[in-house]
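Me: I'd like to go through this one term by term and ask what each label rests on. Could you set every value against its cut-off as we go?

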Amino acid sequence: MSIIELLGVLRRRVKLIAAAFFSVVLLALILLQFVLNPVHQYKKQILIGNINTSSSYVDPITNEQLIQTYIDLVESSAVLEPVISKLELKRTVKEVQDHLFISNNKNSLVVTLAVHDKSPDLAREIANEIAESSAVEFKEVTEVDVVHILEGKGNQTKPEKIFPNMVVSMVIAAVVGLFAGLGIALLKDYFDNAGKNSSAKEFTRVRTSKGDRNKY
């Protein structure tokens, strides 16, 4: 199909394309606003280890080992069960683990705890309680006080909505709607032309048949 033919289809089917476009966009908007559950994230940063080399604390345990031990401990029931009990969550340890994300950049002493939840307030409360509970549990288990909950500048002050992203989602919906409308328009134009060609051939065949009978 040439560009001129495509432009001709667009002119003939502009209403159909517009209808498909707005239908997809409207459906996406309804899904985003009323159907899909939002997801909010709250992060808490924890410093593991001793940055001050003049510290009186000397131990063969490296900071890397401390960080890995802390990460394993955070996801354990020893930390999460007190959190569930204090916040009176109607969730299992596994369900809390599924909404807990832990990250640590290489050569960094900072561990980031991220909690996802549809409630922004609950995401913040769970993250704060996990940070507090893990600090207490780590000290009891290792008898080493090297867990410091970072506060103030640089920390997240309020939960952020990470899903759905309205701008990105609506742009995708607009692109999908445009291509859907164009595809439907091309198909309708093709079948309409095929039907007309078939009718024209049938009409020509009938006329030819009648003309042949008239000869006799």
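**Labels and their cut-offs**

Me: What makes S77 a residue that touches P82 and V93?

Reply: Leaving out residues up to four places away in sequence, S77 touches P82 and V93, and contact here means heavy atoms within 4.5 Å. Bear in mind that this is a predicted model, where local features need pLDDT of at least 70 and side-chain atom pairs pLDDT 80 or more, while totals for chains, interfaces and linings use all residues. Numbering runs from 1 along each chain as its sequence is written, and side-chain values use heavy atoms, without hydrogens or water.

Me: Why is S77 called partly exposed?

Reply: Its relative accessibility is 35%, and buried means under 20%, exposed over 50%, partly exposed in between (1.4 Å probe, protein chains only). So S77, at 35%, counts as partly exposed. S77 sits in helix 4, a helix being a DSSP run of H or I with at least four residues and a strand an E run of at least two, numbered from the N terminus.

Me: What makes E88 exposed?

Reply: E88 has a relative accessible area of 67%, so it is exposed. It lies in the loop between helix 4 and helix 5, and its phi is near 55°, a positive value in a residue other than glycine.

Me: Which residues have the most contacts inside the largest nonpolar core, and what makes it a core?

Reply: I48, Y70, L113 and I130 have the most contacts in this core of 33 residues. It's a core because its members are buried Ala, Val, Leu, Ile, Met, Phe, Trp, Tyr or Cys joined through side-chain atoms within 4.5 Å. Helix 6 supplies the largest share, eight residues. L113, for one, is in contact with residues including Y42, Y70, F101, I130 and A131, its neighbours within four places left aside.

Me: How do you know which residues line the largest pocket?

Reply: On a 1 Å grid over the protein atoms alone, a pocket is an open set of points with protein on both sides within 12 Å along at least five of seven lines, and lining residues have an atom within 4 Å of a point. Among the residues that line the largest pocket are N63, I67, N104 and L109. Helix 3 (residues 63-74) gives the most, five residues. The volume is about 180 Å³, the space filled by probe spheres set on points joined across faces, edges and corners.

Me: How does the whole chain come out, and what is at P164?

Reply: The chain has seven helices and five strands, and 29% of its 216 residues count as buried. Among contacts between residues at least 6 apart in sequence, 77% join residues at least 24 apart. P164 is in the loop between strand 5 (160-163) and helix 7, and the peptide bond from F163 to P164 is cis, with omega near -10°.

Key: On a 1 Å grid over the protein atoms alone, a cavity is a set of points where a 1.4 Å probe fits but cannot get out, and a pocket is an open set with protein on both sides within 12 Å along at least five of seven lines; lining residues have an atom within 4 Å of a point.
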